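Reader: Hi, I have a structure open and some quick questions. Can we go through it together?

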Amino acid sequence: MYGHPYDPANIREQDVDEVARQGERMLAWLEAAQEDLEKIVGTGEAAAGQVKATVDVNGRVLDVRYGPRATRLNSHELAEQTLAAVGEACADAQRQTEDLMREALPGYDPAEANAQFERLLDDWR
C-alpha cells in the first residue's frame with residue numbers, strides 16, 4: 001500500500017524501510033514501463049472541435065489542426081482556443097499516465113501522492 005500517513009515526529013525504522021521499498025518498486029516500474037509511457041499520445045480539442053491538438057507523454061506538442069470554421073475566430077480567440085486544446089491534450093496524456101501507474105502499482109494513486117507532496121511542501125515553507 002502506498003501513501004501511509006507518517007508522523008514526522010515519530011518515524012520508525014520500519015517506516016523508512018517501507019518507503020524505500022515503495023521507491024524501489026516505483027523505479028522498477030518506471031524502467032519497465034518506459035516503452036508504454038513513450039507510446040502515450042494525449043488528444044484535446046476546443047472551439048466546438050475546430051481546434052485539435054496532440055501531445056506526447058511529456059506535453060510536447062506533436063500536432064495542431066484547425067477546422068474550416070476556426071478561421072472565423074479572431075487571432076486572440078484562436079490563440080486561446082489553441083492553448084485550450086493543448087491543455088486538454090496534456091490533461092489526457094496525464095490521465096493515461098496515471099491509469100498506467102494505478103494498473104501497475106495497486107494501491108498507488110498518483111493524484112493523491114501529488115497532493116500529499118504539495119501539502120508537505122506547503123508545511124515545509
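Reader: Which residue takes a positive phi in the hairpin of E1 and E2?
Author: That is Ala47, with a phi near 55°. The hairpin has four residues between the strands. Keep in mind that this is a predicted model.

Reader: And in the hairpin of E2 and E3, which residue takes a positive phi?
Author: Gly59 does, near 85°. That hairpin has four residues between its strands.

Reader: What order do the strands take in the sheet?
Author: The order is E1-E2-E3. The sheet is open, has three strands and pairs in the antiparallel sense.

Reader: Which strands stand at the edges?
Author: E1 (41-46) and E3 (61-66) do. Each has a single partner strand, so one side of each has no neighbour in the sheet.

Reader: By how many degrees are neighbouring strands turned against each other?
Author: By 15° on average, with direction ignored.

Reader: How many bridges join E1 and E2?
Author: Six, in the antiparallel sense.

Reader: OK, and how many bridges for E2 and E3?
Author: Five, with antiparallel pairing. E2 covers residues 51-56. Val51 stands opposite Tyr66 in E3. Thr54 stands opposite Asp63, also in E3.

Reader: Where do side chains point in a regular strand?
Author: They alternate between the two faces of the sheet.

Reader: New topic, helices. Which strands does H3 lie across?
Author: H3, residues 75-104, lies across E1, E2 and E3. Its direction is at about 145° to E1.

Reader: How many helices are there in the protein chain?
Author: Four, along with three strands. From the N terminus the elements run α-α-β-β-β-α-α.

Reader: Why is the chain called more spread out than a compact globule?
Author: Its radius of gyration is 20 Å. The globule rule gives 14 Å for 125 residues, and the chain is well over that, so it counts as more spread out. Along its principal axes the C-alpha trace spans about 65 × 35 × 20 Å.

Reader: How many of the residues count as buried?
Author: 26% of the 125 residues. The chain exposes about 8,800 Å², and carbon and sulfur atoms supply 52% of that area.

Reader: Last one. What share of the contacts is between residues 24 or more positions apart?
Author: 46%, counting contacts with a separation of 6 or more.

Notes: Residues are numbered from 1 along each chain as its sequence is written. This is a predicted model: local features need pLDDT of at least 70, side-chain atom pairs count only at pLDDT 80 or more; totals for chains, interfaces and linings use all residues. Side-chain values use heavy atoms; hydrogens and water are left out. Two strands pair if DSSP finds at least two bridges between them. Helices (H or I, at least four residues) and strands (E, at least two) are DSSP runs, numbered from the N terminus. Axes are lines fitted to C-alpha atoms, for helices over the stretch in contact, and angles run from 0 to 180 degrees between N-to-C directions. Contact means heavy atoms within 4.5 Å. The radius of gyration is taken over C-alpha atoms; the globule rule is 2.2 Å times the number of residues to the power 0.38. Buried means under 20% relative accessible area, exposed over 50%, partly exposed in between (1.4 Å probe, protein chains only). Accessible areas come from the Shrake-Rupley method with a 1.4 Å probe; for residues, only the protein chains shown count as cover.
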